[in-house]
Every structure is written in structure tokens, then in C-alpha cells.
Amino acid sequence: MKKLLTTITFLVISLGAMAQAKLKPTPATGLLTNASYAYASVYAPIKSTGFSPTAVTIQLNLVKGTGTPGGYASIHGSVDGITYEKIGTDSVAISNTNTQLKIWKLTTHAYPYYRVRLIGSGTQSTAFNAWVHVN
């Protein structure tokens, strides 16, 4: 009986861990090179999916590759996932550091699609990833 309870407890914990792993979002990743632009697009479910979020948090991670990173990043929203508009005026300058982090906290959830637009300057290669969390 003790072995049975131990086995059942182990299974419940294992299934719970697997369920949590499936809920972890996948980041949008890419590489910004030189004086070009790049996008990290992320999807956030809206009311049509039966989920009614109240806020969105977008995190951008930058990792210096080669050269001197420069430029800026801003966030954009879209209703159809094709045509985007800039949200607000809060942008981040891409600086010459090994790693950089920017978190945007949006108190209203107006769009199902978001993207981070990165505009580079100079000679560089900077890896990035963007995550979205819907509250």
C-alpha cells in the first residue's frame, strides 16, 4: 500500500511538472546585424479564445555578438498580424554592453499580435529574444 501511494504521488508530481513545462512560452529569436532592422513577433491570446487578459508584459533580451551594438528597439501592436503600429513612445537604446534587458508593461491589452522592432546602427551582430506574458 505504501508503494502504491508513493507511485501515485510521483505520477501526480510528474504530470504537474509536464503541464507547467507546456505552459512555458517560446521566445521569438533573431539576430540584428549592422545598420539593418529585425522583428521579434509574439502572439497574445484575446477574448475570442475565451481568455480575457487585463495586461501584457513583453521582455526583450539582447546579447552582444561582434562589433559595437547600437540602435533602438520599440514595441508595435496589430489586429491582423500583418499591419503594425507603434505603441506609445517608450523605446530602448541598444548599447555596447554584453547583455541588455528591457521589459514593457502594458496595462491594457488592445492587440492580439505584438512585435518588437529593432533598428541597428554601425557594425554589429546582436542576438535577441522576446517573450510575452499575458495576465
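Lys102 is buried, as its relative accessible area is 18%, where buried means under 20% relative accessible area, exposed means over 50%, and partly exposed lies in between (1.4 Å probe, protein chains only). The model is predicted, so local features need pLDDT of at least 70 and side-chain atom pairs count only at pLDDT 80 or more, while totals for chains, interfaces and linings use all residues. Residues are numbered from 1 along each chain as its sequence is written, and side-chain values use heavy atoms, with hydrogens and water left out.

**The salt bridge**
- A search of the whole structure finds one salt bridge, a term for a side-chain nitrogen of Lys or Arg within 4 Å of a carboxyl oxygen of Asp or Glu.
- Asp90 forms a salt bridge with Lys102, and their closest N and O atoms are 3.1 Å apart.
- Because Asp90 lies in the loop between strand S5 (85-86) and strand S6 (92-94), whereas Lys102 belongs to strand S7 (residues 99-106), the pair ties together parts that are twelve residues apart in sequence; strands are DSSP runs (E, at least two residues), numbered from the N terminus.
- Asp90 counts as partly exposed, at 37% relative accessibility.

**A buried arginine without a partner**
- Arg115, which is placed in strand S8 (residues 113-120), is buried yet has no salt bridge, and the nearest side chain of opposite charge, Asp80, is 9.1 Å away.
- Lys and Arg count as positive and Asp and Glu as negative, while His and the chain ends are not counted.

- Asn34 has a positive phi of about 50 degrees although it is not a glycine, and its place is in the loop between strand S1 (28-33) and strand S2 (37-43).

Notes
Helix = DSSP H or I, 4+ residues; strand = E, 2+ residues; numbered from the N terminus.
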